[in-house]
Amino acid sequence: MNLNFLKKKKKFKKGGLGIKPDLYWRYILYMTFILIFLSCAFGLYFFIKTNEKPIIPTVGVNGQDTIKKERFDKVLEYFSEREKKSLQILNSPSPIIDPSL
Amino acid sequence: MSQLAQEKWQTEAISRENAKSLINSVKIIEPQKALLETHFVQSSNVVPFLDTIEKITKDVGATTEVVSVDVAKDNPALIVEMNASGSFETIYKLIMLLENSPYNLEFVSVNLKNSDTSVGKSPQWTATFQIKLLSFINQ
């Protein structure tokens, strides 16, 4: 019995395969270069655009000082008091008697 | 030149830090902000305000009818004209409750009239209000 598949291949012929690795490698290389170039161009454009925008003058502005939680609580407490007062008005009789009586 | 660039960089770094601090502060007060916003009426949605008026009138037992809702020309305010009827007590309570409503209101005019004076019946009053909603955001 002849087992041919175990034999080492000694002869190699050029052009045996349909794929051309050299050509595809070039394509990949060109694409990579194009991508790098586009990334750089976009980065530069993005930087110019960002640099154009004026810087918000927040120097010397402290978030804690600008937005005080206590102020909010104070206003909300005021409305809460009003709500309580409304309930009192609703549950108590009118302090003024009907003038037509 | 280098010193100038460094100073500019430092200023920007401080600005960034402050902006971050500001964003954090806003996040902290987010629930309070949402609650506070309920006391303001946006021009795009005046329904909650009208619902509040309706609820108040139901609570006191009066009957009301909103005649007109207009945006004031001179300043950002909403002018509501409405008619109410009921006993003197209910009308009085209605006025008091409107004054104490969750919104900032100003009474432009109040016209009270005793409409029914028949003997044996409890006197009926009608009131015509013109109220100005000051906590109004016209967008």
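Analyst: Two strands count as paired if DSSP finds at least two bridges between them. Keep that in mind as we look at this model, which is predicted.

User: What makes β3 (residues 78–86) and β5 (residues 124–133) of chain B a pair?

Analyst: Nine bridges join β3 to β5 in chain B. The cut-off is at least two bridges, so nine is enough for a pair. These two strands run antiparallel. For one example, B:Asn83 has B:Thr128 of β5(B) as its bridge partner.

User: Where do these strands sit in their sheet, and what is its order?

Analyst: The order is β2-β3-β5-β4 in chain B, an open sheet of four strands with antiparallel pairing.

User: Why do β2 (63–71) and β4 (105–116) of chain B count as edges?

Analyst: Each of them has a single partner strand, so one side of each has no neighbour in the sheet. On average, neighbouring strands of this sheet are turned by 15 degrees against each other, direction ignored.

User: Now the helices! How are α3 (residues 69–91) of chain A and α4 (residues 88–99) of chain B arranged?

Analyst: They pack at an angle of about 175 degrees, and their axes are 9 Å apart. Angles over 145 degrees count as roughly antiparallel, so that is what we call α3(A) and α4(B). The contact is made by A:Ser86, A:Ile89 and A:Leu90 of α3(A) with B:Lys93, B:Met96 and B:Leu97 of α4(B).

User: What classes of residue make that contact between α3(A) and α4(B)?

Analyst: Four are nonpolar, one is polar and one is charged.

Key. Residues numbered from 1 in each chain as written. Chains lettered and ligands numbered in written order. Predicted model: local features only at pLDDT ≥ 70, side-chain atom pairs only at ≥ 80, totals over all residues. Axes fitted to C-alpha atoms, helices over the stretch in contact; angles between N-to-C directions. Parallel < 35°, antiparallel > 145°, perpendicular 65-115°, else oblique. Contact = placed C-beta atoms within 7 Å. Nonpolar A, V, L, I, M, F, W, Y, C, P; charged D, E, K, R; others polar.
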